[in-house]
Amino acid sequence: MGLDADSEFGSIPTDVKWKDLDKTRFFVFGGIYFSLTTCLLYPLSVIKTRQMAASEYSASEVRGLRGILFTAKRIRQEFGIRGFYRGLGTVVVCALPARLLYLQTLEFLRNRGHEVLSGASYQISPAMVAGIASFGAAGVASALTQSVTVPMDVISQRLIMLKNSDKRYSNGLNLFAYIIRNEGIRGLYRGLFLSIATFVPSSAIWWSGYFACQSIIWSQDFIWNLFDQESKLYKSLSVLGVQSTSAVVAGIFSSLSTTPLDLIKVKIQTEETKLGSSNRPRFLSVAKDVIRNDGIRGLFRGALPRMINTSIWGTIMVSVYEFLKQISKIDRSLG
């Protein structure tokens with residue numbers, strides 16, 4: 001298959017525009033596939049949360065790959081296999097509407113930004129256009145979804161940290177009622193600004209890095225030589241390889257750059273504070289406490305499982321995401 005008249009090095013040959021998607025098909029199948037992926041990778045989120053928030057784990061115990069194995073062993077000993085799935089129900093239920101809102105906002109704004117930047121009078125490279133458009137769209141999309149994801153994080157993380165001896169609540173609904181009764185609605189939105197400060201740049205960095213990296217790779221002649229082969233296997237492998245590489249690179253950069261903020265956010269969100277109390281954990285006090293006890297490296301507790309989770313999630317997610325766009329593409333030739 002050769003390049004069509006509108007193709008050029010640096011453009012992404014498989015990208016489907018938002019206006020060309022069957023939205024119902026995209027969201028129905030997307031909800032199913034992304035929920036299954038969440039279930040598959042959830043244990044890594046549990047390990048990350050416990051490494052960040054559990055004070056009984058020293059910084060040296062949770063460092064590196066050994067730290068992941070150590071934390072997993074402790075979870076298994078204390079809570080059994082079910083301990084790896086605490087809070088999963090809350091995440092699956094809440095993440096579905098949040099993800100649909102996120103993807104709709106992302107795709108719409110990314111395509112609009114791409115159109116505006118591509119039509120600009122000054123010259124912008126395809127990689128720069130892809131990066132800028134995706135950065136802005138992902139940032140806005142992530143900010144909009146925080147109204148759903150912050151309460152989800154507060155509830156799921158407290159369930160993850162719940163001790164076996166604590167019988168005050170046993171599931172997400174019980175905990176939701178408990179927080180409203182004892183901490184008020186503000187309890188559900190604890191760490192809201194930190195969540196925005198963490199996930200808006202993280203999401204923006206991930207998507208801008210993903211599309212910019214794709215654009216850079218597609219600008220290489222040898223990739224197009226593989227893609228132009230008649231064999232469908234060569235085409236599929238070249239596209240999958242580019243997408244997976246871009247997802248891993250984006251995941252590493254986005255997770256490492258925002259781990260300290262995420263750690264402080266998790267500590268604040270898992271801390272209980274009675275309604276009306278002025279003794280709430282603050283950003284600076286939590287940060288100073290972490291540095292005093294564990295040094296600067298303490299701010300990166302949970303970085304490895306977070307990076308692995310983000311990279312694997314990103315690789316699976318973009319493969320499913322791009323697949324969804326292909327199967328949801330409206331066939332204009334039939335109209």
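Author: Buried means under 20% relative accessible area, exposed over 50%, and partly exposed in between (1.4 Å probe, protein chains only). This is a predicted model, in which local features need pLDDT of at least 70 and side-chain atom pairs count only at pLDDT 80 or more, while totals for chains, interfaces and linings use all residues. Residues are numbered from 1 along each chain as its sequence is written, and side-chain values use heavy atoms, with hydrogens and water left out.

Reader: Is Asp-262 buried or exposed?

Author: The limit for a buried residue is under 20% relative accessible area. Asp-262 has a relative accessibility of 1%, so the residue counts as buried.

Reader: How many salt bridges are there?

Author: Side chains of opposite charge can pair when their charged atoms come close. A salt bridge is taken here as a side-chain nitrogen of Lys or Arg within 4 Å of a carboxyl oxygen of Asp or Glu. By this rule the count is 14.

Reader: With which residue does Asp-153 form a salt bridge?

Author: The closest N and O atoms of the pair are 3.7 Å apart, and the partner of Asp-153 is Lys-265. Asp-153 lies in helix 4 (residues 126–161) and Lys-265 in helix 9 (residues 232–269), so the pair ties together parts that are 112 residues apart in sequence. Helices are DSSP runs (H or I, at least four residues), numbered from the N terminus. Both members of the pair are buried, and the partner asked for is Lys-265.

Reader: Which residues are joined with Asp-262 into one network?

Author: Within helix 9, Asp-262 meets Lys-265 in a salt bridge (3.6 Å, N to O), the two being three residues apart, about one turn of the helix. Arg-306 also forms a salt bridge with Asp-262, with the closest N and O atoms 2.9 Å apart. Since Arg-306 lies in helix 11 (residues 303–327) and Asp-262 in helix 9, this pair ties together parts that are 44 residues apart in sequence. Through shared partners, the salt bridges join Asp-262 into one network with Lys-48, Asp-153, Lys-265 and Arg-306.

Reader: Which residues of helix 10 are exposed on the face turned away from its buried side?

Author: Val-286, Ala-287 and Val-290 are buried in helix 10. They cover an arc of only 100 degrees around the axis (taken from the directions from the helix axis to the C-beta atoms), which puts them on the same side of helix 10. The face turned away from that side carries the exposed residues Leu-284, Lys-288 and Arg-292.

Reader: How many disulfides does the structure hold?

Author: A disulfide is a covalent bond between the sulfur atoms of two cysteines. The criterion applied is a pair of cysteine sulfur atoms within 2.5 Å. Cys-39 is partly exposed at 28% relative accessibility, and Cys-94 is partly exposed at 23%. The number of disulfides is zero.
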